[in-house]
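Q: Could we go through this structure together? I would like to begin with the charged pairs and then turn to the helix packing.

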Amino acid sequence: MDIKETFASIMARMKAAKPEIEQRHADLLSERYDLSSRPAPGVTMSRGKPVQEGVRAKLAPGMTWEKLAAMSPEEIRDKNLFPKGFYPLPHPNHPEGGMVFPKSTIDEIKLQTGRDLTRFDLDFDLPDQFLAEFPPAIYLTTRPDLGDVSQGKLVTSANYYELFNGILNPKQLEGLRLLVTPFPQQQFNATEDRRSEKASLGVACFDCHVNGHTNGATHLVGDIRPQEYRHRIQTPSLRGVNIQRLFGSQRALKSVEDFTEFEQRAAYFDGDPVTATKKGVNVLDRGSQVHEMAEFQELLDFPPAPKLDLYGKLDPKKATPAELHGQAVFFGKGNCAVCHIPPYYTDNLMYNLRVERFYKPVMINGEMASADGPIKNFPLRGIKDSPPYLHDGRLLTLDDTVEFFNLVLGTQLTPKEKQDLVAFLRAL
């Protein structure tokens, strides 16, 4: 709070440190993953972006996924064979933390509104091919007849009214206005303790949850200390919040109203009310503003899944043999449906996978990889539109996700079963 250094000095110092910090993180990503672009033939997200295929986490030399799956967690831990891409993924600069946005979002928001979400100390880390399409489609529970109502545009303060006037009622429209309104935040504000070159109006909810979905923007959870134990979190989709009953990856907030209000006080300012007061926290009124913001969020629907029936399972007349076999694995040997129950493929509970069974605690680029604890069980409807996966985005593809859970759950799936399970997930 009592800053002795000038802003010009802070910025010069952090700009000078940026190349080394980003190179260290790039080396980690390269060590962990195959980052090449390999689109799955004929598989796209709702608006046409190709879906990446293949397991991208790298194995130790001489190891195969089948050999690894046959080993006990203790043996994998003692021999240090747990794939590096399955360890917790650090923030691009974990000791510093803060919101970091993909370039596509930065460029479009600057074009439309003049706001600049560029950080002078840090750039976003994951390649674009592993992120959700931009801008994503918007589907409304109230007007399914309209399909995607985004018109292919990013919704901002500059265009929300023309896009939604006549589709939303006045209260919902006001809620959307607040969701695209920037408010001061830890890294984007008017004080000398900011990470934008110019004084900033702040960050809007829909800067991360673009079009009510996600752009993969990253941050650190605000509720864990010390700093090295804080988890990286990637922005979850807001699609389908109307059927969810827990919010926040670990906080278990009980309503989207709680989450909306909580984010302003916690995620925006790292859970620090003193800093928030200095930088300009926006205290939302629960009875009007929070209520209206939540009402719009509750309208955001999952994308259409034409191969699913009324019960959320595959229609045999529309599905391929591989998808049907994958569905059988999902509800059988894979044990996926124990937690992910149709039609939305969640049970609104939290689960502790105890992944720390597989490795010894280790510091990775400023993050202590230890126990994650219980994590919210997110819905799987529309999952192919929401890469990367797990709460911190450590799993780049659905293939990675299936391989991860096959190992962690000990389900001993065959290569064919894993392949067809991915096909089923893409149909959701």
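Q: How many salt bridges does the structure hold?
A: This is a predicted model, and the structure holds 37 salt bridges.

Q: Which residue meets aspartate 148 in a salt bridge?
A: The partner of aspartate 148 is arginine 47, and the N to O distance between the two side chains is 3.8 Å. Aspartate 148 sits in the loop between helix H4 (103-113) and helix H5 (160-164), and arginine 47 in the loop between strand E1 (39-44) and strand E2 (50-52), so the pair ties together parts that are 101 residues apart in sequence.

Q: What is the relative accessible area of aspartate 148, and what is that of arginine 47?
A: Aspartate 148 has 27% and is partly exposed. Arginine 47 has 36% and is also partly exposed.

Q: Moving on to glutamate 263, with which residue does it form a salt bridge?
A: Glutamate 263 pairs with arginine 251, and their closest N and O atoms are 3.4 Å apart. Glutamate 263 belongs to helix H8 (residues 256-265), while arginine 251 is in the loop between strand E4 (232-234) and H8, 12 residues apart.

Q: Is glutamate 263 buried or exposed?
A: Glutamate 263 is buried, because its relative accessible area of 18% falls under the 20% limit.

Q: Where does glutamate 261 find its salt-bridge partner?
A: Glutamate 261 of helix H8 links to arginine 286 in helix H10, 25 residues apart. The N to O distance of this salt bridge is 2.9 Å. Glutamate 261 is buried at 18% relative accessible area, whereas arginine 286 is partly exposed at 38%.

Q: Which residues do salt bridges with shared partners join into one network?
A: That network consists of Glu96, Asp193, Arg195 and Lys279.

Q: Back to H8: which of its residues are buried, and what do they pack against?
A: The buried residues in H8 are Val256, Phe259, Thr260, Glu261, Glu263 and Gln264. They pack against H10.

Q: And how do the axes of H6 and H10 cross?
A: The axes of helix H6 (residues 170-179) and helix H10 (residues 286-297) come within 7 Å and cross at roughly 100°. On the H6 side, the contact is made by Lys171, Gln172, Glu174, Gly175, Leu176, Leu178 and Leu179. H10 contributes Gln289, His291, Glu292, Met293, Glu295, Phe296 and Gln297.

Q: What is the make-up of that contact by class?
A: The contact of H6 with H10 has 5 nonpolar, 5 polar and 4 charged residues.

Q: At what angle do H11 and H13 pack?
A: Helix H11 (residues 321-331) and helix H13 (residues 415-427) pack at about 100°, with their axes 7 Å apart. They are therefore roughly perpendicular to each other. Among the residues in contact are Phe330 and Phe331 of H11 and Leu421 and Phe424 of H13. By class, this contact has 9 nonpolar, 3 polar and 4 charged residues.

Q: A last topic, lysine 384: where does it lie, and is it buried or exposed?
A: Lysine 384 is in the loop between strand E8 (375-376) and helix H12 (398-409). Lysine 384 is buried, with a relative accessible area of 17%.

Q: What does its side chain reach?
A: The side chain of lysine 384 reaches the backbone oxygen of threonine 44 at 2.6 Å. Beyond its neighbours within four places in sequence, lysine 384 is in contact with Val43, Thr44, Met45, Ser46, Val51, Tyr389, Leu398 and Arg426.

Technical notes: Residues numbered from 1 in each chain as written. Predicted model: local features only at pLDDT ≥ 70, side-chain atom pairs only at ≥ 80, totals over all residues. Heavy atoms only, no water. Axes fitted to C-alpha atoms, helices over the stretch in contact; angles between N-to-C directions. Helix = DSSP H or I, 4+ residues; strand = E, 2+ residues; numbered from the N terminus. Contact = heavy atoms within 4.5 Å. Nonpolar A, V, L, I, M, F, W, Y, C, P; charged D, E, K, R; others polar. Salt bridge = Lys/Arg side-chain N within 4 Å of Asp/Glu carboxyl O. Buried < 20%, exposed > 50% of the residue type's maximum accessible area, 1.4 Å probe, protein only. Polar contact = N/O pair within 3.5 Å; in protein donor to acceptor, adjacent residues only side chain to side chain. Parallel < 35°, antiparallel > 145°, perpendicular 65-115°, else oblique.
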